[in-house]
Amino acid sequence: MNRNRWIIVGVVAAAVAIVAFLAFRPDKLFIDDTVDEELDEDVVAAIAAGGSSSPDEPTTTTPSEDAAGATSTTAAPTTTLPEVLGEGTFVSQGGHTVNGTAFVVEQPTGRLLVLPELDSENGPDLQLYLSPESSGSVDGGIRIGPLKGNIGTQSYEIPDDVDLTALANVVIWCERFATPFGTATLS
């Protein structure tokens with residue numbers, strides 16, 4: 001009977017260890033999740049311009065002659081370039097380290113939250129929020145989605161109905177422990 005007791009204790013200890021591992025995910029302290037999304041070249045150009053992207057290109061006219069020698073003008077299509085609506089540098093919070101910049105880019109298909117070359121500590125269940133609070137709180141904010149990786153370039157669609165003047169802070173938030181890792185205030 002003594003042997004059976006040790007088997008039961010061993011099984012219970014293993015179950016507790018597995019549950020503790022899944023709850024705290026200590027492996028995330030040592031293992032990075034790297035992502036490297038390819039961004040549209042116009043988005044990259046807008047970000048590289050440091051937030052001062054150029055406005056829409058004007059419509060130009062090109063004179064041409066037809067076979068009979070008559071001259072006419074043809075309007076070239078107007079191209080809408082992406083525009084940087086805001087940018088902010090991450091500030092580490094909660095004893096965690098986050099480095100990088102967040103950009104909000106308006107493009108013809110909608111708005112993107114772009115995190116080029118993010119370098120953050122990893123953690124369990126990291127989420128990305130837009131928040132009214134620069135303190136790192138996500139109260140009153142909206143969840144954009146899970147952080148795709150703690151290292152690398154990534155982008156997220158921002159819903160059309162989101163008011164960026166009211167939610168001007170990008171927060172990397174650990175859902176499991178209800179703590180911020182870093183915040184970038186968009187300006």
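Me: Where does serine 187 sit?
Reply: Serine 187 lies in the segment after β12. Strands (E, at least two residues) and helices (H or I, at least four) are DSSP runs, numbered from the N terminus. This is a predicted model, where local features need pLDDT of at least 70, side-chain atom pairs count only at pLDDT 80 or more, and totals for chains, interfaces and linings use all residues. Residues are numbered from 1 along each chain as its sequence is written, and side-chain values use heavy atoms, with hydrogens and water left out.

Me: Is serine 187 buried or exposed?
Reply: Exposed, because the relative accessible area of serine 187 is 73%. The cut-offs are under 20% for buried, over 50% for exposed and partly exposed in between (1.4 Å probe, protein chains only).

Me: What is serine 187 in contact with, leaving aside its neighbours within four places?
Reply: Leu85, Gly86 and Glu87. Contact means heavy atoms within 4.5 Å.

Me: What about the overall layout: how many helices and strands?
Reply: Two helices and 12 strands. In sequence order the pattern is α-β-α-β-β-β-β-β-β-β-β-β-β-β. Of the 187 residues, 36% count as buried. For contacts with a separation of 6 or more, 61% come from residues 24 or more positions apart.

Me: On to β11. How many of its residues are buried?
Reply: Six of six, so β11 is mostly covered by the under 20% cut-off.

Me: Which way do the β11 residues point?
Reply: Asn169, Val171 and Trp173 point one way. Val170, Ile172 and Cys174 point the other way. In a regular strand the side chains alternate between the two faces of the sheet.

Me: In what sense does β11 pair with β8?
Reply: Antiparallel, over six bridges. Two strands pair if DSSP finds at least two bridges between them. Tyrosine 129 stands opposite valine 171 of β11.

Me: And in what sense does β11 pair with β12?
Reply: Antiparallel again, over six bridges. Isoleucine 172 has glycine 182 of β12 as its bridge partner. The two strands make a hairpin with four residues between them.

Me: Which residue in that turn has a positive phi?
Reply: Alanine 178, at about 50°. Alanine 178 is a residue other than glycine.
Me: What is the phi of aspartate 125?
Reply: Positive too, about 55°, and aspartate 125 is not a glycine either. Aspartate 125 is in the loop between β7 and β8. Aspartate 125 counts as partly exposed, because its relative accessibility is 34%.

Me: Core next. How many residues does the largest nonpolar core have?
Reply: 23. Those with the most contacts inside the core are Phe90, Leu113, Leu115, Leu128, Val170 and Ile172. Strands that each supply at least two residues include β6 (101-107), β7 (110-120), β8 (126-131) and β10 (151-158). A nonpolar core here is a set of buried Ala, Val, Leu, Ile, Met, Phe, Trp, Tyr and Cys residues joined through side-chain atoms within 4.5 Å.

Me: What does leucine 128 touch?
Reply: Setting aside residues up to four places away in sequence, its contacts include Leu113, Leu115, Ile142, Tyr156, Val170 and Ile172. Arg143 and Gly145 are also among them.

Me: Which residues are in the second core?
Reply: The second core is separate and has nine residues, including Phe103, Val105, Leu112 and Val114. In soluble globular proteins, nonpolar side chains tend to be buried together.

Me: How many salt bridges are there?
Reply: One. The rule asks for a side-chain nitrogen of Lys or Arg within 4 Å of a carboxyl oxygen of Asp or Glu. Glutamate 37 and lysine 148 form the bridge, at 2.7 Å from N to O.

Me: Where are glutamate 37 and lysine 148 in the chain?
Reply: In distant parts, 111 residues apart. Glutamate 37 is in the loop between β1 (34-36) and α2 (41-48). Lysine 148 is in the loop between β9 (142-146) and β10. Glutamate 37 is partly exposed, because its relative accessible area is 24%. Lysine 148 is partly exposed as well, at 40%.
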